[in-house]
Amino acid sequence: MPKPILVQPQSIRSYNRAFASHFAKSIFITVILLAVLVFIGTRMFTHLDLNLYGYMVGTLVFIGGFFYRFIAWAERPPTKNLIKKGIRLLFRKSTTKTATNHMVTHQFIWNRGIYRWAQHFLIGWGCILSCFVTFPLVFGWMYFTMEENGYYTVVGMGINLMKVKADGVLSFFFYNALNITAIMVIAGVSMALYRRLKNMQARAEQKFLYDFLPLYMLLLVSVTGLLLTVMNVFFHGKGQPVMSLIHQYSVIITLLYLPFGKLAHIPFRAVSVFAKNYREHYGSQSMKNCRVCGDPFVSTEQSNDVIQILNENDIQFKMQEGFHLAELCLPCRRKYRMSRFSGFNTHEAKVKEANQNAKG
Amino acid sequence: MKKRLYIELENCIGCRSCLAACTQCGGHEQRNRNYVYDVNPLISRQTMPLMCLHCENPACARSCPAQAIQIHETGAVLSALVEKCIGCQNCTIACPYGIPKFDSEQNLMYKCDLCIDRTKDGIPPMCASVCPSNTLQWLSEEEIATKKSQFALENEKWVSSMPYLEGGTNVKINLPGILQGVEKLF
Amino acid sequence: MLRDKFFKEVENVQHPNEKLVKTHCSYCGMQCGMNLRVNTHTNKIIGVEPRYDWPVTVGKMCPKGVTAYQQTNHKDRLLKPLIRDHAELKGTKEGFREASWEEAYNLIAEKFTNLQAQYGKDTLSVFSGVSMTNEKCYLTGKFARVALGTRYIDYNGRFCMSSAAGGFLRSFGVDRGSTLPWTDIHETDCLFIAGSNTAECHPTSMFRVWSVQERGGYLIVADPRETPIARRADVHLDLKPGTDLALANGIAHLLIKKGYMDEAFIQLHTNGFQETKELLKLFTPEYTSKITGVEVEKIIRAAEIYGKAPNAIVMFARGIEQQHKGVDNVSAYTNMALITGKIGRPFSGVATFTGQGNGQGGREHGQKADLLPGYRKLTNPKHVEEVCQVWGITPEEMPKPGVSAYEMFELMEKKEIRGLYLLCSNPAVSAPNLNFVRKAMKQLDFMVCADFYLSESARFADVVLPSVTWSEDEGTVTNLEGRIIKINKAQEPIGVSKPDWQMQVELAKKLGKGAFFEHLKTTRDVAEEFRLASRGGSADYYGATWDKIDQQDGVFWPCRSEDDNGTPHMFLDKKFYHPDGKAKICALPYRPPAEETTMEYPLSLTTGRVVYHYLSGNQTRRIPFLHDMCPDPYVEVHPTTAKAYDINHEEVVRLYTKRGEATYKVKITEAIREDTVFVPYHFGDEDSINLLTIAALDPISRMPEFKVCAAQLSKIATKENGNREEETVY
């Protein structure tokens with residue numbers, strides 16, 4: 001009787017073997033992709049702005065750091081599980097709505113407080129818009145050509161997109177996009193710093209490297225960027241080269257820091273959409289009934305996943321009654337602990353639990 | 001001097017002052033983070049607090065895909081970092097005691113952080129500060145050792161881990177029944 | 001001063017832009033120390049921080065204390081005087097309009113003057129309370145007698161502490177709630193606690209109580225319910241409501257029979273022993289057991305423990321005091337200490353758990369119908385003379401003694417009293433037999449109420465004056481130990497609200513009595529006059545200056561001079577306050593409750609408190625945390641009784657007595673006697689259990705019998721079940 005052969009198809013195996021790790025593979029693919037995009041965008045490297053090469057180097061290093069951090073993170077059992085299932089569920093109907101909610105309007109931060117939302121909105125969108133302007137310029141995906149008639153041509157990915165009047169409203173926004181975003185970031189960072197100085201909880205938990213450094217870095221990038229404009233407009237470009245260097249370096253350092261500090265939540269926020277999809281999808285498939293009271297409290301999938309994840313961490317919450325603690329709804333799990341403490345089976349008494357969530 | 005939360009379950013009178021005080025801690029945003037249970041409301045007035053025990057190997061943090069639950073150098077298992085929490089609620093399912101609470105509006109888990117703004121400086125947490133019955137106390141290692149020798153019971157009523165808990169915890173617990181070992185004055 | 005093993009040096013958390021104001025809680029007699037957090041920009045109270053340096057409570061607070069600060073800037077605060085133009089809306093929240101102080105004062109002065117011109121001086125009355133400072137209590141007495149010139153003044157202590165006062169006066173000749181400081185409690189060997197649900201009503205005493213047991217001492221609790229403190233007691237004497245006198249006599253009987261009495265002490269320092277001994281012969285354990293329903297063995301065991309204990313403290317509270325024999329109960333339990341000589345030394349004594357914040361101080365300084373400042377008597381010409389000198393009136397001008405709180409409502413009903421100035425109290429919830437009391441209030445010709453919220457009683461008023469919370473004024477309070485402490489001001493009064501003393505000074509001027517009040521411009525002015533007025537009385541506060549209070553963490557009265565540091569322990573010299581220096585052991589024949597159970601009304605109804613609410617609930621029902629924890633009243637029923645009535649946990653039932661009825665959700669618990677039901681009394685309108693309670697008054701203290709009457713309950717149609725909110729409390 002022939003043995004079943006459990007091997008992957010030859011082609012995939014050899015492709016994987018070509019790389020020392022996931023890390024190397026991811027970086028290789030990304031860099032190639034980037035090069036191709038630059039090639040197309042700059043009409044075969046003819047419109048590359050070499051003044052901006054520093055940013056390009058910074059971006060490449062950032063890619064390295066990002067993948068290093070992201071892969072280390074994604075290898076953790078709970079993360080791996082969520083990403084795997086999240087990708088599978090990416091094309092749910094509600095994804096667009098959830099993504100807009102979580103990543104564009106930040107409804108959940110609004111619910112945590114309007115001040116926080118405003119501060120986050122200013123910093124977040126200030127940074128994102130800045131990137132949307134800067135990186136296409138750096139990689140030559142977008143540039144402007146000036147013609148005699150007082151019109152600019154906006155070129156995107158090598159294609160002439162539109163003509164705008166040089167002194168028109170639209171071009172005002174094109175010129176000043178980065179100034180506007182810089183002001184947004186400065187305002188947002190100031191709000192954040194003010195909160196960090198006043199709020200006791202923030203004061204208790206904050207660390208310089210984690211909480212303050214990113215704020216100072218963003219502040220530095222925005223202020224030096226604004227100063228560049230100021231020097232151009234009011235001082236005829238005096239001192240502009242030095243400032244330009246400082247600005248570039250500040251951007252590069254921020255990019256280097258990004259994957260490792262607080263700002264890492266920007267790319268990771270996408271996973272909250274996965275989480276929402278995961279809960280909605282599996283919740284509609286099958287709910288886990290509490291092993292004590294019988295009420296559904298979480299999706300069967302998540303209950304099993306958590307048990308599995310805990311197992312991988314060598315944590316077993318299997319009780320002598322035969323259930324795993326993750327199979328008990330929260331009130332029953334708490335009452336079960338009472339029973340372990342007191343010897344009386346509190347979780348079996350048919351009485352609603354007292355109010356546990358009164359606010360102060 | 002390192003101090004710990006120490007819980008003497010026998011003492012609880014069910015006043016829920018700990019919960020009220022919890023809402024008053026600097027960063028707790030008026031929401032209480034722990035629990036007090038009636039052991040059997042139909043029979044007696046016995047109650048017990050169920051506080052986060054700040055596990056040495058916290059299941060909540062292990063199950064968090066976003067690494068949003070940090071462990072402070074004092075051993076306190078902190079509430080989810082607001083920027084990292086993705087709202088998956090794995091922690092609530094993983095916690096063996098059912099401690100973490102979830103705010104679906106804010107898409108955010110919140111839990112006891114042992115009043116880190118106080119305890120990082122050695123100031124007792126709000127719950128142990130106000131507890132009128134000394135159920136919750138804030139004690140040094142020596143004081144806990146004294147308690148342990150004072151209430152050394154053969155029936156294992158003094159515990160800090162198995163079999164009554166699911167692993168080592170930073171908070172020390174003393175089960176009901178400790179008075180059994182007390183020698184009467186006369 | 002007096003720092004013990006619970007005291008720990010802890011630094012407070014100091015937030016930026018905040019200051020901490022050291023003060024005490026607004027609620028019960030424990031007067032727990034607390035720091036109020038005040039924002040230094042807005043100068044508003046924004047939170048609370050434990051006061052670890054207060055020796056009595058070392059930072060501890062109950063949930064009421066933790067949230068007390070939320071009263072001050074609460075949305076329900078009255079910000080302006082209110083005037084009611086349409087008398088027919090009395091009893092409702094409707095019909096008020098905002099007015100200026102000037103208009104309100106003028107209206108009050110006009111109405112009061114007219115009423116007195118038509119019906120005589122005594123047609124006006126003042127009903128006060130003791131949840132306010134000594135200064136305010138003192139001035140209220142002076143306001144009634146000097147500004148209004150009426151004999152009818154009394155206060156809500158008649159529903160609270162007056163039996164303890166009466167009992168102590170009879171036994172010791174002096175009424176200080178505790179003969180020893182609270183810091184002694186955990187050092188004693190036996191606590192005998194009767195009729196006190198300490199864990200819920202005075203929670204911050206509990207760490208000391210538990211400590212006695214931790215040391216190997218004993219805890220004996222007498223209560224019809226297995227309250228949280230009774231649950232852990234070494235002996236729980238689960239007596240029938242209203243039978244305390246028999247129990248106390250039964251224990252005294254055994255103390256004598258088994259030779260635990262201190263004959264030398266009895267001989268030298270007491271009167272009345274022989275007579276009492278004769279009477280006690282009847283109270284054998286079997287006889288006592290028959291009356292009280294407590295097993296014989298338990299009674300014997302309790303007597304043995306108390307008798308053997310080297311040191312012991314007898315403590316009691318409203319459970320024994322709110323009976324029509326409350327004074328006798330107090331004296332009977334005090335007998336235990338006198339017979340065994342366990343008094344007049346550290347770690348031994350007698351104490352009552354004072355209910356209201358200033359229940360002790362407030363009753364000493366002239367708010368009582370028959371008392372003047374310093375515990376002086378209106379019936380004693382010398383005492384009257386002394387006070388008249390301070391007040392600047394002649395003894396002839398001093399009104400005669402009036403009647404007690406409940407009796408004032410009877411006079412209102414008879415139209416002998418037509419005007420009322422109500423402050424610091426909410427009798428529309430807290431008085432017994434409420435159908436009668438509410439009717440009496442409604443038919444008043446003119447009623448003024450000073451409060452900081454629109455209480456149930458304020459709804460009966462024609463003019464409501466906005467007063468301040470405890471945090472917006474300063475002054476002294478005497479806590480349950482007899483320790484005079486200082487309340488500090490944390491923020492300015494909100495709106496145009498004013499402290500009560502200021503209203504009274506201004507109103508006195510409108511009434512043409514300005515000359516007696518104009519010199520009182522600050523709280524300190526009132527405090528100075530008050531110290532002087534108490535000088536030489538048995539409750540002498542003369543030496544208790546504010547500086548001394550700060551320096552030594554409070555001053556125990558009596559404190560007779562600047563050099564006197566106060567008296568933490570009473571009777572250390574074995575001198576009691578009766579003229580012969582001896583205490584009195586009282587012979588007290590047993591009397592059953594005023595209303596005994598019958599076939600028609602077979603259940604004993606008893607009332608009490610829950611940990612989340614304070615008195616009539618006017619303050620605590622508005623605090624979100626406290627409301628959430630206990631939003632509605634309930635009736636506690638034993639499962640056996642529930643089965644007999646075919647009612648279930650959480651079912652709504654009708655509870656009724658001869659006087660009234662109400663509906664409550666059932667809470668089934670084995671922690672109550674089968675023949676007894678319990679309802680907490682903090683709730684207003686149709687939820688008030690006092691619609692059902694009986695106004696049988698103690699002959700001495702005039703205390704109504706809140707703690708026992710005969711009741712019946714009945715199932716109601718199923719469709720009405722579940723009408724109440726879903727939230728419940730267990």
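A: A residue counts as buried if 20 or more other C-beta atoms lie within 10 Å of its own, as exposed if 12 or fewer do, and as partly exposed in between, with C-beta atoms placed from the backbone. By that count, 63% of the 186 residues in chain B are buried. The model is predicted: local features need pLDDT of at least 70 and side-chain atom pairs count only at pLDDT 80 or more, while totals for chains, interfaces and linings use all residues. Residues are numbered from 1 along each chain as its sequence is written, and chains are lettered from A and ligands numbered from 1 in the order in which they are written.

Along the sequence their order is β-α-β-β-α-α-β-β-α-α-β-α-β-β. The radius of gyration of chain B is 17 Å, close to the 16 Å of the globule rule for 186 residues, so chain B is as compact as a globular protein of that length. That radius is taken over C-alpha atoms, and the rule is 2.2 Å times the number of residues to the power 0.38. Along the principal axes, the C-alpha atoms of chain B fill a box of roughly 60 × 40 × 30 Å.

Two residues are in contact if their C-beta atoms, placed from the backbone, lie within 7 Å. Of the contacts in chain B between residues at least 6 apart in sequence, 58% join residues at least 24 apart.

Next, the contact with chain A: 52 residues come from chain B and 52 residues from chain A. H1, strand E2 (35–38), strand E3 (47–50), helix H2 (59–62), helix H3 (90–94) and H4 of chain B each give two or more residues to this side. H3(B) gives the most, with 4 residues. By class, the side has 27 nonpolar, 16 polar and 9 charged residues. Ala, Val, Leu, Ile, Met, Phe, Trp, Tyr, Cys and Pro count as nonpolar, Asp, Glu, Lys and Arg as charged, and the others, Gly among them, as polar.

The contact between chain B and chain C takes 34 residues from chain B and 43 residues from chain C. On the chain B side, helix H1 (17–22), helix H4 (116–119) and helix H5 (126–130) each supply at least two residues. The largest share, 3 residues, is that of H1(B). This side of chain B divides into 16 nonpolar, 11 polar and 7 charged residues.
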